[in-house]
Amino acid sequence: MRRDQAKLAGAVEVEKDRARYGLLAVLISNVAIAGVVIFGVWRLDGDKSVIVGVLSAAFTAMSGMTTAYLGIKAVSNTATAMTQDRAPREQPAPPVPQQPNGG
């Protein structure tokens, strides 16, 4: 395997790890928020107006965190794709000038 291919394979693995751990962090955060909300709603004993406020705040936090992660990931993937497209390309050879006929 060439050095460039090994470098690319390593970069792909690092990107996969970042995606996995980022998604894991978002999921753990959402589960933690859900746990706090469930505990809070259980402790409120049916005060509907406060429960609605707690649930809407939790939904906003969870959707904001998930959207931020997906947005950052999309921008990162786009930037990576754009830098790979800018790899040096072969330039076509300049046209050879025609020689005048000498005879």
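## The overall picture

The chain has two helices and zero strands; both kinds of element are DSSP runs numbered from the N terminus, with at least four residues (H or I) for a helix and at least two (E) for a strand. What you see is a predicted model, where local features need pLDDT of at least 70, side-chain atom pairs count only at pLDDT 80 or more, and totals for chains, interfaces and linings use all residues. Residues are numbered from 1 along each chain as its sequence is written, and side-chain values use heavy atoms, leaving out hydrogens and water.

Of the 103 residues in the chain, 9% are buried (under 20% relative accessible area; over 50% is exposed, and partly exposed lies in between, with a 1.4 Å probe and protein chains only).

Search the whole structure and you get one aromatic pair. It's F39 with W42, a tilted pair at 5.7 Å centre to centre and 50 degrees between the planes. Ring centres must lie within 6.5 Å to pair (Trp by its six-membered ring), and planes under 30 degrees apart count as stacked, over 60 as edge-to-face and the rest as tilted.

Both residues sit in helix α1, three residues apart, or about one turn of the helix. F39 counts as partly exposed because its relative accessibility is 49%, while W42 is exposed, at 57%.

With 52% relative accessibility, I28 counts as exposed.
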